[in-house]
Amino acid sequence: MKLSFSPEDELFREEVVSWLADNLCGEFEPIRFRGGPGDEHSFVEERKAWEQKLAEGGWTCIGWPKQHGGRAATVEQQVIFNEEYARAGGPGRMGHIGETLMGPTLIAFGSDAQRERYLPGIRAGREFWCQGYSEPSAGSDLANVKTRARLDENTGEWRISGQKVWTSLAHESQYVFVIARTDPESVAHKGLGFFLVAMDQPGVTVRPIEQLTGTSEFNEVFFDDAVCAAEDIVGAPGEGWKVAMGLLGFERGVSTLGQQMLFQNELDEIVRVARANGAARDPALRQRIAEAHIGLRIMRFNSMRMLSGGGDDGSLQKEAMIYKLYWSSWHRNLGKLAMDVLGAESEIVPEAPYGLSRLQSMYLFTRADTIYGGTNQIQRNIIAERALGMPREPRG
Amino acid sequence: MEFRFTEEQQMIRDTAEAFLAEVSTPAAVREAMVTERGYSEALWQQISQEMMWPALHIPEAFGGLGLGFVELAAMQEQMGRTLLCAPFLSTVGFAVNALLVAGSEAQQSHYLGEIASGKTATLAFMAPGSRPDADAIQATCAADGDGFLLNGEYRYVLDGHTADILVLAARDPGSAGTAGVSLFVLPADTAGISRQWLPTMDQTRRQARIVLDKVRVEGDACMGAAGQAWPALAKILDLATVALAAEQVGVAQQSLDSSVAYTTERVQFGRTIASYQAIKHKAADMMLKVEAARSAAYYAACIADEALAGRPLGSGLAEAASIAKAYCSEAAFFNAGCGIQLHGGVGITAEYDIQLYFKRAKSTETLLGDAAWHRERLARQLLDGGVA
């Protein structure tokens with residue numbers, strides 16, 4: 001076992017740190033530490049400009065192969081980039097869905113024409129994507145999508161009708177990738193297609209969802225005979241599930257250490273508050289602050305295990321299978337801890353009518369962490385059935 | 001970054017697993033745990049002479065195998081999984097580490113050689129009713145010519161009634177806290193030492209009371225400079241804590257595995273009960289605990305290696321040890337407790353093994369500071385700006 005990064009990786013780290021120091025300043029100073037989860041509605045125009053700045057420096061899509069405009073950065077280098085980006089206060093990435101989900105999916109499953117058409121816009125930080133997966137009746141049971149795609153025999157185009165929900169950044173995106181049913185008679189994961197759809201057209205309507213924080217990161221997206229060109233289906237009709245699941249496999253944990261840096265910033269703020277207001281002298285709160293610290297450190301050790309590979313031979317990486325359940329539960333507890341450390345002050349909203357502080361917003365939004373991306377209950381099913389080999393629940 | 005076993009480490013782990021599956025069977029554990037000695041001497045000879053496990057991280061110069069702390073943790077994890085009854089933690093986790101950290105070359109050469117050839121050892125520092133910090137040291141050492149005169153009483157000494165070699169912590173009369181602490185290493189049959197087995201709830205590991213009545217030792221029994229041993233002892237206890245945390249990972253793992261096996265066989269309402277989400281979700285929570293515990297314990301083992309080698313990352317030993325012990329203690333207890341629940345009625349019988357894991361989980365939790373103790377130690381670092 002070795003805990004340190006290689007000298008080459010440390011040189012890469014220096015390059016990242018110095019580029020960020022030189023560029024994440026001036027006009028971009030106000031967006032440092034902004035636009036993360038729960039704050040994605042903030043500074044949208046500035047963050048779009050920042051995406052282009054990143055692209056100019058060659059810091060978008062660094063994990064992509066060189067022939068598609070990436071740097072072919074190793075997993076370690078991607079981890080380092082994400083970690084240093086978060087440490088420097090890099091704003092929430094507008095382009096992350098295109099960069100981490102859409103791009104790799106097109107590289108793996110797309111046609112040459114699709115790659116030529118769509119990858120450069122993502123790479124340049126000019127075209128943003130959102131994800132059309134969940135529907136009102138397809139949440140945890142994602143295969144239950146009802147959105148339909150019908151081939152218009154007159155025009156040769158696809159026509160898409162239905163509703164998606166929980167779509168982050170839908171109102172800021174030019175494109176959405178959609179799973180829709182190409183075979184109206186099909187059920188579950190058969191008979192689906194994976195479509196690339198332009199948002200700016202009469203058949204697409206976006207309606208923001210106001211959340212418990214009073215802000216709206218998520219949207220409903222309605223498709224009413226929305227047009228999708230014949231060549232904008234990824235894979236063949238009926239292969240949509242394979243593509244959709246492949247897409248979910250691309251994330252590979254490279255953003256975990258970056259995410260943990262955001263968590264560390266939050267915990268540091270809680271510690272500052274506790275030291276200032278005397279909560280640091282309360283024995284019960286001391287225990288909980290220490291527990292939060294322990295939990296975050298172990299989250300890092302666990303990520304280091306994940307990133308050190310294993311599982312190449314097809315064996316399960318159990319430490320990777322617990323990750324979502326682990327971080328979401330930890331973060332939810334951190335939210336409550338933040339309020340308890342603040343005490344009576346936790347109720348007071350800094351700006352009328354409902355301009356929450358960072359910790360208040362974090363506290364409320366962490367309730368979403370244990371739901372999106374696979375609820376804790378679904379995570380436990382997956383762990384029990386895939387990692388522990390316990391029998392599957394009979395499914396209706 | 002390679003935070004995973006090397007091939008050689010994996011092999012050592014697999015060998016330990018296979019050997020222990022054969023010798024530390026439930027029947028063997030139950031046989032050993034009702035004896036006063038607490039372990040089979042024949043098995044200890046096999047472990048120390050055939051397998052050479054006590055010599056694992058003793059340098060080759062002293063007759064050891066010269067391996068590292070990660071290998072030790074891997075082995076300790078497997079011992080926890082099978083509840084091995086043997087004076088391994090006391091001899092290796094405590095005494096070998098004490099000699100490596102604080103022993104003079106002569107002491108290392110003599111005692112590490114003896115341990116490598118099958119002798120057992122332990123470390124005593126806690127007065128009755130104390131917690132595992134510097135104030136626990138109440139035995140005294142007074143200068144007596146070229147040597148020292150030791151007096152006092154220790155409790156909770158692992159395998160203290162059977163160990164061949166003792167490492168003892170004592171303090172200058174009238175001193176308090178971290179000042180005035182000394183460490184001594186001596187044969188257990190030195191005149192004036194009386195030792196007595198203390199029966200324990202967890203019968204798979206022995207504890208003893210040791211009383212020192214005017215025990216006269218020569219100056220060369222003192223480890224390092226007299227009166228200045230606290231930093232060394234703190235480091236030794238942190239190293240032992242890391243080894244213990246790795247053992248707890250094994251306890252947590254086996255509690256999960258046996259519960260999955262039992263609930264997969266047990267049928268109620270016409271279905272194996274492992275197919276119910278109420279059972280599966282509990283098992284999933286147990287797996288989360290054990291995997292996170294494993295990450296914590298092996299990180300700490302890597303840091304322990306750095307600390308023993310005197311490299312910079314080793315300065316994180318106290319923090320890594322506290323993180324590992326706080327988390328692994330609760331993981332082992334949670335998993336063993338859930339294990340009893342998942343076994344249903346048979347879980348509280350003497351016949352099923354889960355109760356033995358439940359007891360081992362608790363004894364290891366208490367030993368060397370429970371989760372709350374370690375969290376408070378971390379809180380002092382985080383919140384008080386001081387050092388732990």
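Reader: I'm new to this one. How many of the 27 residues of α9(B) are buried?

Author: Helix α9(B) is mostly covered, with 23 of its 27 residues buried. Keep in mind that this is a predicted model.

Reader: Okay, and what span should α9(B) have at 1.5 Å a residue?

Author: It should span 39 Å, and its end C-alpha atoms are 38 Å apart, which agrees.

Reader: What follows α9(B)?

Author: That would be B:G344, a residue whose phi is positive, near 65 degrees.

Reader: Let's switch to α11 of chain B. How many residues does it have?

Author: It has 13, running over residues 371-383. From first C-alpha to last it reaches 17 Å, close to the 18 Å expected at 1.5 Å a residue.

Reader: Which residues of α11(B) are buried?

Author: The buried ones are B:A371, B:H374, B:R375, B:R377, B:L378, B:A379, B:L382 and B:L383.

Reader: And what covers them?

Author: The cover includes α9 (317-343) of chain B, along with α7 (256-277) and α8 (283-307) of chain A.

Reader: Tell me about α8(A) and α11(B), then. At what angle do they pack?

Author: The angle is about 85 degrees, and the axes are 8 Å apart. That makes α8(A) roughly perpendicular to α11(B).

Reader: Which residues make that contact?

Author: On α8(A) they are A:R286, A:Q287, A:I289, A:A290, A:E291, A:H293 and A:I294. On α11(B) they are B:A372, B:R375, B:E376, B:L378, B:A379, B:L382 and B:L383. Sorted by class, the contact of α8(A) with α11(B) has eight nonpolar, two polar and four charged residues.

Reader: What comes just after α11(B)?

Author: There you find B:G385, which takes a positive phi of about 70 degrees.

Reader: Zooming out, how many residues of chain B are in contact with chain A?

Author: 36 residues of chain B are, and they meet 41 residues of chain A. On the chain B side, α7 (230-265), α8 (277-308), α9 and α11 each supply at least two residues.

Reader: Which of those gives the largest share?

Author: That's α8(B), with 14 residues of the side that touches chain A. By class, this side of chain B divides into 24 nonpolar, six polar and six charged residues.

Reader: New topic: what domains does chain B have?

Author: The domain assignment gives domain 1 (7-119), domain 2 (123-223) and domain 3 (230-383). For domain 1 and domain 2 of chain B, 22 Å separate the centres, taken over C-alpha atoms. Their contact takes 21 residues from domain 1 and 16 residues from domain 2.

Reader: Which elements give two or more residues to the domain 1 side of that contact in chain B?

Author: They are α5 (88-102) and α6 (105-116) of chain B. α5(B) gives the most, with seven residues. The domain 1 side has 13 nonpolar, four polar and four charged residues.

Reader: And how is chain A divided?

Author: Chain A has domain 1 (7-94), domain 2 (129-240) and domain 3 (256-387).

Reader: How many Å separate the centres of domain 1 and domain 3 of chain A?

Author: The centres, taken over C-alpha atoms, are separated by 23 Å. In chain A, 12 residues of domain 1 are in contact with nine residues of domain 3. On that side of domain 1 there are six nonpolar, three polar and three charged residues.

Notes. Residues are numbered from 1 along each chain as its sequence is written. Chains are lettered from A and ligands numbered from 1 in the order in which they are written. This is a predicted model: local features need pLDDT of at least 70, side-chain atom pairs count only at pLDDT 80 or more; totals for chains, interfaces and linings use all residues. Helices (H or I, at least four residues) and strands (E, at least two) are DSSP runs, numbered from the N terminus. The expected span of a helix is 1.5 Å times one less than its number of residues. A residue is buried if 20 or more other C-beta atoms lie within 10 Å of its own, exposed if 12 or fewer, and partly exposed in between; C-beta atoms are placed from the backbone. Two residues are in contact if their C-beta atoms, placed from the backbone, lie within 7 Å. Ala, Val, Leu, Ile, Met, Phe, Trp, Tyr, Cys and Pro count as nonpolar, Asp, Glu, Lys and Arg as charged, and the others, Gly among them, as polar. Axes are lines fitted to C-alpha atoms, for helices over the stretch in contact, and angles run from 0 to 180 degrees between N-to-C directions. Angles under 35 degrees count as roughly parallel, over 145 as roughly antiparallel, 65 to 115 as roughly perpendicular and the rest as oblique. Domain bounds come from an automatic or database domain assignment.
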